[in-house]
Every structure is written in C-alpha cells, then in structure tokens.
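Welcome to this short tour. Please take a moment with the sequence and the 3D view, and then read on.

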2 protein chains.
Amino acid sequence: MKENQIPKATAKRLPLYYRYLRILNNAGKKKVSSTELSEAVQVDSATIRRDFSYFGELGKRGYGYDVQDLMQFFAKTLNDDQMTNVALIGVGNLGSALLKYKFHQSNSIRVSAAFDVNPDIVGRIVDGIPVYPMTDMKEQIAIQQIDIAILTVPAQRSQDVVNELVAAGIKGILNFTPARITAPSDVLIQNVDLTNELQTLIYFLHSGSEEETVAE
Amino acid sequence: MKENQIPKATAKRLPLYYRYLRILNNAGKKKVSSTELSEAVQVDSATIRRDFSYFGELGKRGYGYDVQDLMQFFAKTLNDDQMTNVALIGVGNLGSALLKYKFHQSNSIRVSAAFDVNPDIVGRIVDGIPVYPMTDMKEQIAIQQIDIAILTVPAQRSQDVVNELVAAGIKGILNFTPARITAPSDVLIQNVDLTNELQTLIYFLHSGSEEETVAE
C-alpha cells in the first residue's frame, strides 16, 4: 500500500488540505485550482502536487480538483469518517485547557475520558468529559476502545504512565510533557514540546534564517 | 554564516540536545559519548553527527564531547545566555494554561506581558504576568523590547491581531490558532496546530506506517 511510505512532512499537511476542502465544500464550491489551494494553505503548488502524487491520480492537471471527491478522499485517508475516541491523562493546567479545546477541524475526534490522581476532580465531569481515577485507566481504555492518549502529566511521572498506557493497549501517544518517553516500536509517539517550539523560533530569529516558515 | 543554512529539522533538535547537556552538567558529568547522547534524546547517532556537523568541530570522534563546552555552545546558539521576553496574546483557556506553563528547559524565556480584551482580567496580574488591554500592545511591546508573540486568540481574530503585532514590530509568532496567518517575509511564523497533531497521529496509526516517531 503506497500510503505506508508517505513522508511525515506530507502526512502533517494532509489535515490542512482536508480542512480547507471542508470549508470550500460547506461554501458550496465544486472545483478548486491548485493555485487557490496553494494560497489558502500556504504550501507551494509543487509541494502540493508531490504530496498528492503519493495517493495516485487525484485530479486532472489544468482542470482543478473536484472539491467533494477530494474532501471525501481525505476524510477517508485521515479516518475522519469514523469517530476516534481519545483519552487525556493528567488534568492539570494544560490538560484542562485541552479538555476545553475544540478540535475544530474535526467532528470525529473526541476526548471521551480523562484520568487524574487529584481527588478533587476524580469522579466528576469536567467540561463534559468524565475524569476517572488512574486505577480505572486500563478498564476504561478497553471499554471505550481508545487507541490514542494525550499525555499531560508531570514530566517525572510520564514514563510510568506510558508503561501503564502501553499495558492498557494504547497505540498512539501525543506527548505534551518535556520528557522523552519510550515505548515498544508498535506504539507511535508524537512529541509536542512547547519550549522547543519557542526556542526554535528564537533560534531562527537570531540566526536570521530565511527558512520556510510554514509548519511541516 | 553556516548557521543560516541549517535545516529546520536540525534546528528543532537543538533544544533537545541543549536540555540534556544541562541535565548532565548539573549532575557534574564532564564527558558524554555520542551513544549516550543518542539514547537519551532518542535521535540516532548518524543524525546527531550530521546535526553537529553544521556547527563545525564540536568534539573529537572516539573521545566523546565535553559537556560544559557543548552546553555553552548550544546556550549561545539558542540565545539561552540572554533573557528573551515574550508576549502572549489572548488569555482564554489555552492562553491561561500557557501563562502557567513552565518553560522548563529554559531560564531565559519569560512571558513578560499578556494581552486580552476581557475587562475581567485586563489590568490584573494573572499567574505573575500583567494582562494589558489590546490597545496597549504596541506601546508595551516597544517598552519591553519584545520580539516574539504567542498567539492564542480566537481563529477569526487572528489575522487582525497578527497585523497589529507586525505593526508593533514583532519578528516571530508562535501561532496556536488553527488559522493560517500571513505576515511579511521578515516575520517568522511557527504553527502549532493541536488538531493537526492528533489527526496526523491517527493517520499514521491507521496507515500502519513504520515512520520515525521522534519529533522532527
């Protein structure tokens, strides 16, 4: 399957394309040219064509793309045509903010369970999401068929929690802690390190780089 | 200057190297081998060597790296040897969480001013950080010599705020809004889109990719 070999940078751009196509479709637009697409998502057309080429023939050159077809293709590719339940572990400052965060581009991603150790919130419903004790993690992850966890626990707790998540059958972790966590190779870890993002920005600012600024 | 040509992926790994070197240095360690470094930051040694090669000769092969020298080199490269004041625009859920967020790896990054339109918080000090009205943005950014802004306003307000930030002299924007914002080419924009991160993770999970999982 060709999909398996697409570069990470391409995969990261798919949600961008998809979101813009949904906006167009909602606006009743039928066709979109690669130039329009390029301007809207701020990715140059050569990159877009290369990205699309990983998925075979998605449109005819010179005729633009069929908005609905392309949107449905990406919905399927991104599994946005089925509900994905996600767990959030650690309802601290960042965790609480993420519980409130609208996963705006997607109707199909839903944080369905949160977990924490704090007795003040455990057993309660916070922003519509039940907060379970850590001891219920394995059970709830199984019952709710959750594959993906958002990790917002304190850094020093992170590896222990990851081990529990892996034992509970989690297959993907979005890691917001500064810790570099490890997991078996069939578990995907995606790190979102906010300090790194800021330091990288500061670095580019001071080095005067003309680096591409569009997110990879 | 060679620094100007380093790839973005390399730049994003520099804070990782730096943080680990600080930990080693605090622990009184003098030398570190490239194998140790590789295991700790979860980047393969070939990549580390290639990253380091952009900065010239940083150590002798077979002898490992001098921890303090290398740490100081990265401190300078990442401008962590001088204080960087940062502004945060939009003290909503995510903004509030980021005001509380400890930029753990760095003693030199500080959110020194926040801005919002909400009369309930404007004029108050939230988590040690003064919240100014939007109308004071230009003045405070000038007074505090702020180059970098964290953008956590509602998506529909984002481009207007970016235009104001650019007019106020901001040179780098860490964009947490889902909007694709535009700015003159001398202003760096780094996008952190949390829905994208989740969708990309879901995509990789379902495509069964054996893609590298370490953050770029």
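Which residues touch the most other members of the largest nonpolar core? This is a predicted model, and in it that core holds 105 residues, with A:Ile150, A:Leu194, B:Phe52, B:Phe74, B:Ile150 and B:Leu194 touching the most other members. As general background, nonpolar side chains in soluble globular proteins tend to be buried together.

Let us begin with one of the two chains. Chain A is built with eight helices and nine strands. Its C-alpha trace spans about 60 × 45 × 30 Å along the principal axes. Of the 216 residues in chain A, 56% are buried. Among the contacts in chain A with a separation of 6 or more, 57% join residues 24 or more positions apart.

B:Leu98 sits in helix H5 of chain B. Is B:Leu98 buried or exposed? B:Leu98 counts as buried because its relative accessibility is 2%, and the cut-off for buried is under 20%.

Next comes the place where the chains meet. The table gathers some values for it.

| Feature of the chain B and chain A interface | Value |
|---|---|
| Residues in the contact | 75 residues from chain B, 75 residues from chain A |
| Buried area | about 7200 Å² |
| Share of that area on carbon and sulfur atoms | 60% |
| Salt bridges | two salt bridges |
| Polar contacts, both residues at pLDDT 80 or more | ten residue pairs |

A salt bridge links B:Asp193 with A:Arg19, and their closest N and O atoms are 3.4 Å apart. Which parts of chain B supply at least two residues each to the side that touches chain A? They are helices H1 (8-26), H2 (34-41), H5 (93-100) and H8 (194-207), together with strands S7 (148-151), S8 (172-175) and S9 (188-191). H8(B) gives the most to this side, with 14 residues. By type, the residues on the side of chain B that touches chain A divide into 38 nonpolar, 22 polar and 15 charged.

Notes. Residues are numbered from 1 along each chain as its sequence is written. Chains are lettered from A and ligands numbered from 1 in the order in which they are written. This is a predicted model: local features need pLDDT of at least 70, side-chain atom pairs count only at pLDDT 80 or more; totals for chains, interfaces and linings use all residues. Side-chain values use heavy atoms; hydrogens and water are left out. A nonpolar core is a set of buried Ala, Val, Leu, Ile, Met, Phe, Trp, Tyr and Cys residues joined through side-chain atoms within 4.5 Å. Buried means under 20% relative accessible area, exposed over 50%, partly exposed in between (1.4 Å probe, protein chains only). Contact means heavy atoms within 4.5 Å. Buried area is the accessible area (1.4 Å probe) that two parts lose on being put together, summed over both. A salt bridge is a side-chain nitrogen of Lys or Arg within 4 Å of a carboxyl oxygen of Asp or Glu. A polar contact is a pair of N or O atoms within 3.5 Å; within protein, one must be able to donate a hydrogen and the other to accept it, and residues adjacent in sequence count only if both atoms are side-chain atoms. Helices (H or I, at least four residues) and strands (E, at least two) are DSSP runs, numbered from the N terminus. Ala, Val, Leu, Ile, Met, Phe, Trp, Tyr, Cys and Pro count as nonpolar, Asp, Glu, Lys and Arg as charged, and the others, Gly among them, as polar.
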